[in-house]
Amino acid sequence: ESFPAIGKAGIATGTLYVVLGAAGGQVAGVDGALIGIAVSALLQFCILGTLLRRETGRRGISITIPALRQEREILLRFYLPAALNGLVTLPAIWLANAFLAREVNGYEQLALFTAANSFRIVVLFLPNILNTVGMSVLNNQRGAGDEVRFRRLFWSNLAVTAAIASVGAIGVAIAGPLLLKMFGPVFTAAYPILLVLMLAAIAEGLAMAVFQIIQSHGFIWSALFGVVLPSYGALVLTAALLAPQSGALGLAWAYVVCWSIALAANALLVRRLG
């Protein structure tokens, strides 16, 4: 929970990612860009490792490998299903993109989608930060047994996340044609795709905020089978059906379906938790 250290690491590693990736691309094209990104990832590992040792030493926390057995329950109940979530989501996204890329003019359509999707990521930037910090605060309140404050913090975080995501999505939708021109004049054709992805961004932001309850209660296995598999399965299935007919716009609607299902499933699971 040392957010100043996390912030410093984020600034340093983000700068390295951009500088080394761009420099590698200028020197050796795609291969150079990939090498630059790989080097930045290695440096990120070193920076985070250094900060971890500094923070644990300052706070008197000892990390020992033999004590790993004591964390067996946490590893099986939390870490393992969380890792499996990643093994589901990333291949699903890749497969959905592949359905679009394989079509006639697929790479052109994928380029339009990628340009529009970059602004979905921008809209979710602040909600991601808010939910990262909010998760730590919620866990502390749950650990302290303060149910009233826990609920108040959850609803406050949900409301703020909804407001930020909605305002960001509306702003991007209004300025969309100008923003897309930054990629080149032909990318203004991605404006309808951008509008659909703004709907997905709002649903995703809300889903992240609701998911905090599930995570704080440790119901990660339930989330894997009840949220991740249905929503990302829907992403792949909808992309397979719509991408051949509607191109990048179909893939954008697949994202809306995916995150709408995730939001509904999260809400149902949270309601079940009370």
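Trainee: In which helix is the place of Arg54?

Mentor: Arg54 sits in helix α1, which covers residues 3–58. Before going on, a word on what you're looking at: this is a predicted model, where local features need pLDDT of at least 70 and side-chain atom pairs count only at pLDDT 80 or more, while totals for chains, interfaces and linings use all residues. Numbering starts from 1 along each chain as its sequence is written, and side-chain values use heavy atoms, with hydrogens and water left out.

Back to Arg54: its relative accessibility is 52%, so it counts as exposed. The cut-offs here are under 20% relative accessible area for buried, over 50% for exposed and partly exposed in between, with a 1.4 Å probe and protein chains only. Arg54 and Ala5 are 49 residues apart in sequence, yet their C-alpha atoms lie 9.7 Å from each other. Another pair to look at starts with Thr15, also found in α1. Thr15 has 44% relative accessibility and therefore counts as partly exposed. From Thr15 to Ser40 the sequence gap is 25 residues, and the C-alpha distance is 9.0 Å.

Now zoom out a bit. The chain has 8 helices and 0 strands, and from the N terminus on its elements simply run α-α-α-α-α-α-α-α. The radius of gyration is 21 Å, close to the 19 Å from the globule rule for 274 residues, so the chain is as compact as a globular protein of that length. That radius is taken over C-alpha atoms, and the rule is 2.2 Å times the number of residues to the power 0.38. Along the principal axes, the C-alpha atoms fill a box of roughly 55 × 50 × 30 Å. Buried residues make up 36% of the 274. Of the contacts with a separation of 6 or more, 77% join residues 24 or more positions apart. A contact, by the way, means heavy atoms within 4.5 Å. Helices are DSSP runs of H or I with at least four residues and strands are E runs of at least two, numbered from the N terminus.

Next, the helix packing. The axes of α3 and α6 come within 9 Å and cross at roughly 35°. Axes are lines fitted to C-alpha atoms, for helices over the stretch in contact, and angles run from 0 to 180 degrees between N-to-C directions. By class, the contact of α3 with α6 divides into 11 nonpolar, 1 polar and 2 charged residues. Nonpolar covers Ala, Val, Leu, Ile, Met, Phe, Trp, Tyr, Cys and Pro; charged covers Asp, Glu, Lys and Arg; the others, Gly among them, are polar.

Helix α4 (residues 125–144) also packs on α6 (residues 191–216), at about 30° with the axes 10 Å apart, and the two are therefore roughly parallel. Roughly parallel is under 35 degrees, roughly antiparallel over 145, roughly perpendicular 65 to 115, and the rest is oblique. The crossing of α4 past α6 is right-handed. The contact includes Pro127 and Asn131 of α4 and Ala209 of α6. This one has 5 nonpolar, 7 polar and 1 charged residues.

With α5, the axis of α4 comes within 10 Å and crosses at roughly 175°, so α4 and α5 are roughly antiparallel. Thr161 of α5 is one of the residues that meet α4. The contact of α4 with α5 has 11 nonpolar, 4 polar and 2 charged residues.

Helix α5, where Thr161 is found, spans residues 147–180, and Thr161 is buried at 0% relative accessible area. Its contacts beyond four places in sequence are Pro127, Leu130, Asn131, Gly205, Leu206 and Ala209.

Finally, two more spots. Leu251 is in α8 (residues 248–273) and counts as buried at 0%. Leu251 touches Phe113 and Ala239, among others; its C-alpha atom is 5.2 Å from that of Ala239, 12 residues away along the chain. And in the loop between α2 (72–101) and α3 (106–123), Asn105 has a positive phi of about 60° although it is not a glycine. Most residues other than glycine have a negative phi.

Definitions and conventions: Left-handed = near helix turned anticlockwise from the far one by under 90°.
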